[in-house]
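The report below describes a single protein chain, moving from its overall build to individual residues. Please read it alongside the sequence and the coordinates.

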Amino acid sequence: SCYVENGFLEDSLELLSRMGMEGFMPNNYTFACALKASIGLGAFGYAKSVHGRILKTCYELDPRVGIGLLQLYTQLGDMSDALKVFSEVPKGDVVPWSLMIARFGQNGFCDEAVDLFIRMRKAFVVPNEFTFTSILNACAIGKYHGLGKQLHGLVVKGGFDLDVYVSNALIDVYAKCEKMDTAVKLFAELSNRNEVSWNTII
């Protein structure tokens, strides 16, 4: 864990190998660290071998391990295997939902991103700023402008309109549906603008 958190990714994987050779069994925390290190190194083949080892345990149901596996397959663009992992991961937390919504949107699967967001709401999982940014970006790309405008109310209600990334995504939605008056108003009210804010409104 300390090696991974401090950027010594190769060393952490070497320790994992030594741990196995000395007869010690990894636990959920060890597997999560191994996934994080191998993904960080771009060692996706190794990460998949870690997944194989995880399947021989009960740790595939652990939230921390599940997030690591979701990051692995979504980073590879393998949304099919990501969905298989997602089906097994506990879904009471917003993180796996947000991660899947973001990756679906980024890979152009906007219909799937919107469907997943609706399922998340039905499961009574409360969205955070990352969720809103991701689903609004998907709405802008996939022409779900009506939904994007509806989400504006939820954003304000949750206090996320103060988040620059959420606001940038809202500006993009309104610009894409040719509501430039609202886009300009949101931009004017945004006190912590960044480069994306300017590029979006331009």
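Helices (H or I, at least four residues) and strands (E, at least two) are taken here as DSSP runs, numbered from the N terminus. Lys143, for example, is placed by this scheme in the loop between α9 and α10 (145–158). The structure is a predicted model, in which local features need pLDDT of at least 70 and side-chain atom pairs count only at pLDDT 80 or more, whereas totals for chains, interfaces and linings use all residues. Residues are numbered from 1 along each chain as its sequence is written, and side-chain values use heavy atoms, with hydrogens and water left out.

## Overall build

The protein chain contains 13 helices and zero strands, so that, by the DSSP definition of these elements, the order from the N terminus on reads α-α-α-α-α-α-α-α-α-α-α-α-α. Along the principal axes, the C-alpha atoms fill a box of roughly 65 × 35 × 25 Å. Of the 202 residues in the protein chain, 43% are buried, where buried means under 20% relative accessible area, exposed means over 50%, and partly exposed covers the range in between (1.4 Å probe, protein chains only). The accessible surface comes to about 10,800 Å², and 55% of this area belongs to carbon and sulfur atoms; such areas come from the Shrake-Rupley method with a 1.4 Å probe, and for residues only the protein chains shown count as cover.

With contact taken as heavy atoms within 4.5 Å, 57% of the contacts in the protein chain between residues at least 6 apart in sequence join residues at least 24 apart.

## The nonpolar core

A nonpolar core is a set of buried Ala, Val, Leu, Ile, Met, Phe, Trp, Tyr and Cys residues joined through side-chain atoms within 4.5 Å. The largest such core has 58 residues, and those with the most contacts inside it are Met100, Phe132, Ile135 and Leu136. Helix α11 (residues 164–176) gives the most to this core, with seven residues. In soluble globular proteins, nonpolar side chains tend to be buried together.

Once neighbours within four places in sequence are left aside, Met100 is in contact with Leu70, Thr74, Met79, Ala82, Leu83, Phe86 and Leu116. Leu35, which lies in helix α3, is buried with a relative accessible area of 0%. Under the same exclusion of neighbours within four places, Leu35 is in contact with Ala47, Val50, Ile54, Val65, Gly68 and Leu69, and its C-alpha atom is separated by 8.7 Å from that of Lys48, 13 residues apart along the chain.

## Two buried serines

Ser98 lies in helix α7 (residues 94–106), and Ser134 is found in helix α9 (residues 129–142). Ser98 counts as buried because its relative accessible area is 1%, and Ser134 counts as buried because its relative accessible area is 7%. Not counting residues up to four places away in sequence, Ser134 touches Ser98, Ile101 and Ala102; Ser98, with neighbours within four places likewise left aside, is in contact with Asn128, Phe130, Thr131 and Ser134.

A polar contact is a pair of N or O atoms within 3.5 Å; within protein, one must be able to donate a hydrogen and the other to accept it, and residues adjacent in sequence count only if both atoms are side-chain atoms. The side chain of Ser98 makes such a contact, at 2.5 Å, with the side chain of Thr131.

Asn27 lies in the loop between α2 (9–21) and α3 (28–40), and a polar contact of 2.7 Å joins its side chain to that of Thr30. Tyr29 lies in helix α3.

## Accessible residues and positive phi

| Residue | Relative accessible area | Class |
|---|---|---|
| Asn27 | 34% | partly exposed |
| Tyr29 | 38% | partly exposed |
| Lys143 | 66% | exposed |
| Glu178 | 70% | exposed |

Most residues other than glycine have a negative phi, and most peptide bonds are trans. Lys143 has a positive phi of about 65° although it is not a glycine. Glu178, placed in the loop between α11 and α12 (180–189), also has a positive phi of about 65° without being a glycine.
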